[in-house]
Amino acid sequence: MGLVFKDSGKPMAPQAARLWNIVFTVIIVALALFGLLALVGLAHDEIVSGFRMKRQYAMGLLSAAIVSGGLILLILGIRAKKKAIQDNLQEAAMEKEPWLKRKDWADGRIPSSSRRAVMVLWILVFFWCFGSAAISLVVVPPQLQIGNRAALICLVFPVIGLALIIFAWRTSRAWRRFNRSVFQMSAVPAPAGGALIGTIAIPGAFRPRHGWHLVLSCARRSTSGPVNNLRVTEKIVWQDEKWLRPNLPAAGSNATVIPVFFQLPEDKPESGVDAADGVVWKLDAWASMAGPDFKAAFEVPVFKQPGPPEKYDDSTSQYQLTLDDIRKELRSKIQALELPDGKEFIFPAGRNPGFAVGATVLCAIWTAIVAVLFLRHAPLLLPVVFGALDLLMVLFAFDLWFRRSRVKIAAGTITLETAWPGFKNEIPVKSSDVAAFFAEIGAPVGHLTYYDLKLRARNGKEWVLAKNLGHKPEADWLARQMTAA
């Protein structure tokens with residue numbers, strides 16, 4: 001009875017709970033059988049006489065079964081009431097400490113979320129390949145029979161599907177190799193204004209080619225659209241990144257441990273518990289390896305805590321690469337030149353070939369779609385709308401390949417130059433009119449975020465000095481160099 005009425009405030013041990021459930025189930029089954037036997041015996045005298053049981057004994061057995069059943073119902077009611085009270089207390093505690101609603105957050109041991117991403121990727125690949133194959137089989141053969149060779153342009157979709165299959169296969173290989181990666185937090189939750197501290201444990205000993213790249217992002221995630229076509233969008237509101245050297249201290253013969261330390265801003269929103277909508281704090285880690293590259297993502301809890309946050313020294317400072325090392329690894333094409341009376345910064349065209357190639361391929365696909373719409377004599381509104389979007393994509397790809405910028409700071413004047421083939425624009429700004437140089441989040445692409453380098457005047461006007469800077473450390477360094485100049 002102590003198991004029923006005693007309330008120690010501690011959960012029952014799993015072994016005791018299992019034993020209690022077994023005994024309780026056996027008692028209920030036995031009482032049900034005895035009560036059923038007594039009831040049948042009272043209804044049929046021949047059964048009672050067959051068991052040589054007097055009617056008063058059968059009546060007593062039935063009464064005992066009923067009384068015991070009532071007692072069991074009372075016990076069950078008490079246990080249900082206790083459970084309801086405990087659930088209410090737990091819900092109240094979770095309202096004050098919402099990170100307890102997620103088991104991985106409450107434990108401070110967060111597994112990589114790449115498995116879900118791999119599954120979603122394969123689902124998208126399947127539907128793309130199925131749809132492109134169906135379109136090709138339905139459209140291409142009949143059109144070729146009537147001599148319309150332009151229909152062959154539809155074959156670009158299965159080719160894209162083949163590229164997607166290769167990409168998904170490589171992603172799956174990486175997931176199978178690193179799927180047991182875990183981020184162990186030093187304190188739960190990470191306090192806003194404090195620091196996110198912990199370690200990423202990877203099964204196996206690894207040494208990347210160019211070091212470990214860590215990025216902590218705060219993003220607003222929203223889900224929209226019908227159930228069968230949900231669309232998830234994320235808008236990054238804050239981000240920081242670090243590069244750690246490849247030769248981290250050994251953590252064992254068959255394990256790699258990456259230290260994590262990020263100073264957190266105090267004015268950014270807290271984590272949301274709902275995975276579909278709300279604010280997401282995400283820690284991304286990746287590295288270039290022999291074979292599949294390492295990629296892992298962890299959603300971490302960041303919440304405001306009472307009192308001022310504790311201050312910690314950066315435990316990763318001794319492992320961080322210098323900016324010169326980072327720029328060397330990135331093969332940065334941005335130049336910072338010393339002048340007799342100042343400094344000049346040159347941002348050449350086509351300095352992000354990977355980004356530019358991806359945008360160009362996407363533009364080519366969209367252009368093919370527009371061409372098919374025109375050739376198939378689709379309703380005029382469709383090719384006009386798609387063509388307008390295609391024009392914007394062409395201009396964007398052209399800008400990535402051919403836009404070059406130059407910032408010259410000398411003799412109290414800042415000269416901002418932006419040029420494309422056949423066109424150049426220069427804007428002079430007095431140094432006394434400048435309020436700040438700063439890097440601002442620009443275009444997010446996959447797990448990368450590109451930054452725009454800007455100048456803000458004292459009157460609030462802003463100019464874009466350079467677009468699509470690939471990494472925050474370099475963007476912040478350029479802003480500091482321009483401020484110093």
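Me: Is the crossing of helix 9 and helix 10 left-handed or right-handed?

Reply: In this predicted model, local features need pLDDT of at least 70, side-chain atom pairs count only at pLDDT 80 or more, and totals for chains, interfaces and linings use all residues. Helices (H or I, at least four residues) and strands (E, at least two) are DSSP runs, numbered from the N terminus. With the near helix turned anticlockwise from the far one by less than a right angle, the crossing of helix 9 and helix 10 is left-handed.

Me: Are helix 9 and helix 10 roughly parallel or antiparallel to each other?

Reply: Helix 9 covers residues 353–375 and helix 10 covers residues 381–402, with axes (lines fitted to C-alpha atoms over the stretch in contact) that lie 9 Å apart. The two pack at an angle of about 160°, on a scale from 0 to 180 degrees between N-to-C directions. Angles under 35 degrees count as roughly parallel, over 145 as roughly antiparallel, 65 to 115 as roughly perpendicular and the rest as oblique. Helix 9 and helix 10 are therefore roughly antiparallel.

Me: Which elements do the buried residues of helix 10 pack against?

Reply: Buried means under 20% relative accessible area, exposed over 50%, partly exposed in between (1.4 Å probe, protein chains only). In helix 10 the buried residues are P383, D390, A397, D399 and L400. Taking contact as heavy atoms within 4.5 Å, these residues pack against helix 9, strand 14 (413–420) and strand 18 (462–469).

Me: How far is A195 from Q263 in space, C-alpha to C-alpha?

Reply: Residues are numbered from 1 along each chain as its sequence is written, and side-chain values use heavy atoms, leaving out hydrogens and water. A195 belongs to strand 4 (residues 195–203) and counts as buried because its relative accessibility is 9%. Beyond neighbours within four places in sequence, A195 contacts A190, F261, F262, Q263 and L264. Its separation from Q263 is 68 residues in sequence, and in space the distance is 4.4 Å.

Me: What is omega for the cis peptide bond joining V188 and P189?

Reply: P189 lies in the loop between strand 2 (182–185) and strand 3 (190–191). For the cis bond from V188 to P189, omega is about -5°.
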